[in-house]
Amino acid sequence: MNIKKQPISNSLGQLIFNRNNSNILEIDKEEIISLFKYYGVLLFRGFETNTDIFKQFTSLFSTDFINYAGGAFNRRVINGDETLLSVNDFKSEIKLHGEMYYQQNIPLMLWFFCANPALEDGETTVCDGREFFDKLSSSTKDLFSQKKLKFAVRISKDDWHKKYKTDDLEVLGEMCKNNNTHLKVHEDQSIQLEYIAPAIIPSRCGNYQVFINSLLPTMQLSPDVLTFDDDSKIPDDVVSELNEIAEIITTEISWQKGDILMVDNTRIMHGRRAFADDLRDIYIRLCSPAFPF
Ligand SMILES: [Fe+2]
């Protein structure tokens, strides 16, 4: 199949159009893989898609689909498949972040599917974590090279049963161990979790630095959870600087029904704009590339 493409925005990604009524499942896999490796984010538009085609298409490129155990939000399982989830827990803005960067085991790759767009607003936002790093002031770069982020959260017994999809403390202990997360169990079986992560990581190729983490939504939604690893506060002026950079480099994905978005979660951050109606239905799959990466 001949691929027709153009940049998603001035600075980011590629939009792959359907041409000649092509079947998305017959797309040139090797070309898509090389575009993905280069750009980190691809949007497929105009193809005939539905939930089943989305699952088949993502399975052409991905493996190790995960079920979001330990995830921060409530997600609705679609068609009984725990690796296909709706992202609409609530309607407010979610600032740019790497998916599940509040734990060690992150999905390396994300897929989004627009089952239905919002009537207006509700765009998914994306940005390049390398560009984000390049725009940081040198004092902020220094600060993040000296101090890591510490996520510390207390979770009630009922809540951790739900969040980790188990009521077995040993299973939970194993999950925390695998995630480098410190677990403390209180007398009432509520738990305290602590996880330390860098805000900036080297790229997979090792040639540049990437600002990718869960700092911005955590500071926006539950600021008490996040400090530096020496327990000092993340300064307000640093958070303001990060929010300003985020706005400058954000690309908005204005969804059309049936769109599919492919995201490299090791270097592209994502979020979403607020929306008001009940129509927006975007699905997500979390996984790893099924090709050398
Ligand atoms: Fe996310």
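## A tour from the domain boundary to the iron ion

Between domain 1 and domain 2 there are zero salt bridges. Keep in mind that this is a predicted model.

**Stop 1: the two domains.** Colour residues 4–130 and 252–289 as domain 1, then 136–246 as domain 2. Their centres, taken over C-alpha atoms, are 23 Å apart. Domain 1 brings 29 residues to the contact, and domain 2 brings 26.

**Stop 2: the boundary.** What holds the count of ten here? Residue pairs in polar contact between domain 1 and domain 2, both at pLDDT 80 or more. The two domains bury about 2,400 Å² between them. Carbon and sulfur atoms give 57% of that area. Now select Lys-95, Tyr-101 and Gln-104 in domain 1.

**Stop 3: the elements at the boundary.** Show E7, helix H3 (129–135) and E18. Each supplies at least two residues of the domain 1 side that touches domain 2. Which of them gives the most? E7 does, with four residues.

**Stop 4: the iron ion.** Select His-97, Glu-99 and His-270. They are the protein donors of the iron ion, through NE2, OE and NE2 in that order, at 2.0 to 2.2 Å. In sequence, the spacing of the donor residues reads H-x1-E-x170-H. His-97 sits in strand E7 (residues 94–97) and His-270 in strand E18 (residues 268–272), so the pair ties together parts that are 173 residues apart in sequence.

**Stop 5: the two histidines.** Are they buried or exposed? His-97 counts as buried because its relative accessibility is 8%. His-270 also counts as buried, at 4%.

Methods:
Residues are numbered from 1 along each chain as its sequence is written. This is a predicted model: local features need pLDDT of at least 70, side-chain atom pairs count only at pLDDT 80 or more; totals for chains, interfaces and linings use all residues. Side-chain values use heavy atoms; hydrogens and water are left out. Donors are N, O and S atoms within 2.8 Å of the metal (3.2 Å for Na, K and Ca); water is not among the atoms, so sites may look incomplete. Buried means under 20% relative accessible area, exposed over 50%, partly exposed in between (1.4 Å probe, protein chains only). Domain bounds come from an automatic or database domain assignment. Contact means heavy atoms within 4.5 Å. Buried area is the accessible area (1.4 Å probe) that two parts lose on being put together, summed over both. A salt bridge is a side-chain nitrogen of Lys or Arg within 4 Å of a carboxyl oxygen of Asp or Glu. A polar contact is a pair of N or O atoms within 3.5 Å; within protein, one must be able to donate a hydrogen and the other to accept it, and residues adjacent in sequence count only if both atoms are side-chain atoms.
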